[in-house]
Amino acid sequence: MTALRPERESDTSYGQQSYGVSGAFEDWSGVGYGASSQQEPNPAGPGAQPRSGAQHPRHPGQYAAYEPVSEDPYLPPVDEETVALRIPGPPEGGGPTAGSPASSGTRLDGSAPGGRAARRKAAKRRHGRHGGAAETPAVAHEGGVAGSGSRARAPLSRVEARRQARARKPGPAVVASRAIGEVFITTGVLMLLFVTYQLWWTNVRAHAEAGQEASSLQNDWASGKRNPGAFEPGQGFAILHIPKLDVVVPIAEGTSSKGVLDRGMVGHYAEGALKTAMPGDKSGNFGLAGHRNTHGEPFRYINKLAPGDPIVVETQDEYFVYKMASILPVTPPSNTSVLNPVPTGSGFTKPGRYITLTTCTPEFTSKYRMIVWGKMVEERPRSKGKPDALVS
């Protein structure tokens with residue numbers, strides 16, 4: 001705001017007459033004032049002319065109000081400031097407003113006014129102490145109250161940042177519990193894989209090996225490559241048929257797990273004190289062993305056999321047909337008397353031509369043994385064709 005300026009007594013720039021002289025004077029705009037009137041400042045500012053029908057604000061009826069006239073390049077600039085307080089009008093032509101970069105002291109390109117030090121301080125305020133993103137300042141709501149969760153936080157010091165990082169690290173108990181949990185999960189996965197291998201894959205592999213052995217055996221019989229007589233351990237020499245259970249499986253010499261039983265075949269007790277007779281012998285007990293679970297599980301359902309069900313042994317020259325006679329559901333593995341020529345507990349009382357099937361029980365364990373006995377009822381040469389038990 002400019003200072004107040006006294007009215008000049010004589011100023012030839014405004015006319016040839018001085019203030020207070022009768023006859024009045026014409027100002028630079030060409031408007032005359034009466035001699036008896038005291039010179040009043042132009043309320044519309046220098047360069048304004050009276051408006052028709054208007055009155056002077058302080059001397060009604062004396063002279064009209066003023067109206068701005070076009071600018072004259074040779075006249076002094078208009079000074080519109082007064083001693084009274086006033087509210088600034090809205091900006092024209094897109095001037096700076098509240099909250100704009102110009103009003104907040106920030107340039108349009110985002111830099112702060114002033115020297116290099118001022119710009120560096122402004123950059124620190126915007127991006128934090130260490131160049132990171134600055135915290136978002138609190139924003140006032142329409143009511144003028146900022147939310148408590150939106151308050152700006154000062155950047156953390158290095159010590160505080162390290163302290164919080166250590167607090168976020170898991171403790172020894174958490175690390176130990178995680179390690180134990182991972183061990184349990186790994187163990188569970190391994191056990192699941194082992195069970196899948198035992199219950200599914202071993203059967204798949206054993207069935208494939210047993211089927212291949214049976215086909216090879218029949219081809220050898222047809223070509224005359226196999227001759228009756230002694231057989232090597234693990235060598236197949238016959239095929240077992242249990243029609244009720246839909247079992248067709250090769251019979252190999254010996255009861256080795258890896259060499260015979262785990263390959264899906266049935267093993268013949270032919271070693272040491274457990275040596276038993278062959279089907280072609282005129283008297284004796286033909287003893288066989290097989291898995292009840294896994295590795296082909298040929299004897300899994302022998303507990304379902306009933307007296308009179310046929311059990312057929314096919315060799316190179318003959319078919320030997322047995323009829324199921326009795327079953328011993330549970331017995332200790334040490335009870336080898338079930339393989340005697342006249343097996344104990346079978347119900348047979350005199351020598352004959354018998355067959356004994358042995359397997360583990362209960363299922364999926366090897367704690368006890370299950371025994372099934374049968375008695376030969378027919379010996380049929382292959383030249384006469386298959387027996388009725390296999391045809392029907």
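How do the residues of the lining of the second largest pocket divide into nonpolar, polar and charged?

Modeller: The model is a predicted one, in which local features need pLDDT of at least 70 and side-chain atom pairs count only at pLDDT 80 or more, while totals for chains, interfaces and linings use all residues. Residues are numbered from 1 along each chain as its sequence is written, and side-chain values use heavy atoms, with hydrogens and water left out.

The lining of the second largest pocket comprises twelve nonpolar, 14 polar and three charged residues. Here Ala, Val, Leu, Ile, Met, Phe, Trp, Tyr, Cys and Pro count as nonpolar, Asp, Glu, Lys and Arg as charged, and the others, Gly among them, as polar. On a 1 Å grid over the protein atoms alone, a pocket is an open set of points with protein on both sides within 12 Å along at least five of seven lines, a cavity is a set where a 1.4 Å probe fits but cannot get out, and lining residues have an atom within 4 Å of a point. Grid points are joined across faces, edges and corners, and a volume is the space filled by probe spheres set on the points.

The second largest pocket holds about 590 Å³ of space. Among its 29 lining residues, Gly290, Thr359, Cys360, Ser366 and Arg369 are the closest to its centre. Two or more lining residues come from each of α3 (172–223), β9 and β10, and the largest share, three residues, is that of β9. Helices (H or I, at least four residues) and strands (E, at least two) are DSSP runs, numbered from the N terminus.

The loop between β9 and β10 contains Phe364. Not counting residues up to four places away in sequence, Phe364 touches Leu199, Asn293 and Arg300, contact meaning heavy atoms within 4.5 Å. Phe364 and Asn293 are 71 residues apart along the chain, yet 5.9 Å separates their C-alpha atoms.
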